[in-house]
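Hi,

Here is the structure I promised to pass on. Please have a look at it first, and then read my notes below.

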Amino acid sequence: MSLSGPVIEAQEADRMQWWKAAKFGLFVHWGLYALHGKGEWHMSGAKIPVKEYEKLAERFNPVKFDAREWVALAKAAGMKYIVVTAKHHDGFAMYHSEHDPFNIVDATPFRRDPMKELAEECQREGLRMCFYYSHVIDWHHPHAIHEFYNNTWDYPLEEKAFYAYWNRKAKPQVKELLTKYGPVGLIWFDTAGGLSKKDSQEIINWVREHQPACLINSRVSHWPQYAGDYSSKGDNEIPMHGEDSRPWETPMTLNDSWGYQNKDQSWKSSEALIRKLVDVASKGGNLLLNVGPTAEGDIPDESVERLEAVGRWTSRFGEAIYDTTPSPFHYEQEWGAITVRDTTMYLLIHGPYWSKGSIHLYGLNNAIRHAYVLQGDDADDEARKPLAVQQHYHEAVGLHQLHVTLPLSAPDDVVSVVALE
Ligand code: H79
């Protein structure tokens, strides 16, 4: 007994390693709901009867789907893992399931298994394949019970028999994902309202049994002691520095939707997205950024453009993002953000502050051997000319003050990086 604590902790730390270094992943919300173009909650919002919703499958034929394109886009953006909706709340499996014919291979003219194609492509390209699985909400199954979000328009609540759903659909389908698609980086469970402690522990054990290295996000359970390997923050929520004592991830939309919504044009700018990635990394989290492909299997152009723009930045300055640890300072820097790797500290400075010619940092009293600007290109090595830095004790503030003089022009308009060794 006395050994099990440290041993379990070591195993947990081990399986978290790739994820902690990754920092940036692609979230994909894709399903039959793309046909309506009104988001993944439309079935519930419009109370569409199961029999009618099932007819969408007959029309679902995403011939433009190309796993190579999706994985190449994620890779170009600088993302290291992909989390795809294997089954969302509508209960439709986007993979070939033996346990329910309501799946993309058996119920659509498409007849292909996109999860298999994505898993294989991820394996080839070195990204981690991960699945979203709605384990509690299932509007297609007569017996799935959630605290609030049940299909009460088809199935009377009083006739529900939860374990008929749990044992014959949810658990067998999770097992399929863990046994037929190679190594799975993580399973992203969602919306656990009403799941008991016992059943939360059971699904966690179930994942561990089939793939011990597969991570589990906190939305697997509403009970804190059964809340998986890491904390999923609220949708689009970036916490305060140090607020969460566990490893954490912010799931974020590119516009205001998860599943494809043709009317939603409130896209975040690529500049804002780069700053959000920097903010998240400096606080020690991961960013899981979502796209909602169309019913044809296309990722909307507006999403592609933004991910490519973020990728142009991460390909130049990723050194200051991947495999870093958070800023040692819990207060925000007005000029940007900080990350650390080993004995290097990265100052990620927002474009407008660069033109002020210098920045201050309080509280750092380590000796600085070398300070330089990351040019973010092949000439980087020769360009690592030392920058002028001055350190002194600031009486009024009661902290050491570091003064870094910046060169006239910034390597990047959005965020540029100064490294301190
Ligand atoms: O998959 C995405 C959402 O569909 C899912 N989580 C993210 C990652 C989610 N499941 N439940 N919820 C979010 C919370 C439910 C919010 C609701 Fe609503 C508010 C349901 C009804 C009112 C949002 C707004 C959905 C429909 C209208």
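Into which domains is the protein divided? There are two entries to remember: domain 1 (4–320) and domain 2 (327–420), with bounds that come from an automatic or database domain assignment.

Before going further, a word on the basis. This is a predicted model, so local features need pLDDT of at least 70 and side-chain atom pairs count only at pLDDT 80 or more, while totals for chains, interfaces and linings use all residues. Residues are numbered from 1 along each chain as its sequence is written.

**How the domains meet**

The C-alpha centres of domain 1 and domain 2 are 37 Å apart. Domain 1 puts 14 residues into the contact and domain 2 puts in 15 residues; two residues are in contact if their C-beta atoms, placed from the backbone, lie within 7 Å. On the side of domain 1 that touches domain 2, α9 (270–282) and α10 (301–317) each supply at least two residues. The largest share of that side, seven residues, comes from α9.

**The overall picture**

The protein has twelve helices and 16 strands. Helices (H or I, at least four residues) and strands (E, at least two) are DSSP runs, numbered from the N terminus. The radius of gyration is 23 Å, close to the 22 Å that the globule rule gives for 421 residues, so the protein is as compact as a globular protein of that length. That radius is taken over C-alpha atoms, and the rule is 2.2 Å times the number of residues to the power 0.38. Along the principal axes, the C-alpha trace spans about 70 × 55 × 35 Å.

Buried residues make up 44% of the 421 residues. A residue is buried if 20 or more other C-beta atoms lie within 10 Å of its own, exposed if 12 or fewer, and partly exposed in between, with C-beta atoms placed from the backbone. Of the contacts with a separation of 6 or more, 70% are between residues 24 or more positions apart.

**Around the ligand**

Which residues are around the ligand? They are His 29, Glu 40, Trp 41, Gly 45, Asp 190, Thr 191, Asp 235, Pro 251 and Trp 258, where near means that the C-beta atom, placed from the backbone, lies within 6 Å of the molecule. This shell divides into three nonpolar, three polar and three charged residues.

**Strand β3 and Tyr 133**

Strand β3 (residues 128–133) is mostly covered, with six of its six residues buried. Arg 128, Cys 130 and Tyr 132 are on one side, and Met 129, Phe 131 and Tyr 133 are on the other. Strand β2 (residues 81–87) runs parallel to β3 and is joined to it by six bridges; two strands pair if DSSP finds at least two bridges between them. Within this pairing, Thr 85 has Tyr 132 of β3 as its bridge partner. β3 also pairs with strand β4 (residues 186–189) in the parallel sense, over three bridges, and there Tyr 133 stands opposite Phe 189.

Is Tyr 133 buried or exposed? Tyr 133 counts as buried because it has 20 C-beta neighbours inside 10 Å. Leaving aside residues up to four places away in sequence, Tyr 133 touches Ala 86, Lys 87, Val 174, Leu 177, Ile 187 and Phe 189. Asp 235 is 102 residues from Tyr 133 in sequence and 16 Å from Tyr 133 in space, C-alpha to C-alpha.

**An open sheet**

Five strands form an open sheet in the order β9-β10-β11-β16-β13, with antiparallel pairing. Its edge strands, β9 (325–326) and β13 (371–374), each pair on one side only. Two bridges join β9 to strand β10 (residues 336–341), and Pro 326 has Thr 339 in β10 as its bridge partner.

**Two backbone angles to look at**

Most residues other than glycine have a negative phi. Lys 47, which is not a glycine, has a positive phi of about 50°. Lys 47 lies in the loop between α2 (42–45) and α3 (50–59) and counts as exposed, with 11 C-beta neighbours inside 10 Å. Asp 323 also has a positive phi, near 60°. Asp 323 is in the loop between α10 and β9 and, with 15 C-beta neighbours inside 10 Å, counts as partly exposed.

Best wishes

How values were computed: Ala, Val, Leu, Ile, Met, Phe, Trp, Tyr, Cys and Pro count as nonpolar, Asp, Glu, Lys and Arg as charged, and the others, Gly among them, as polar.
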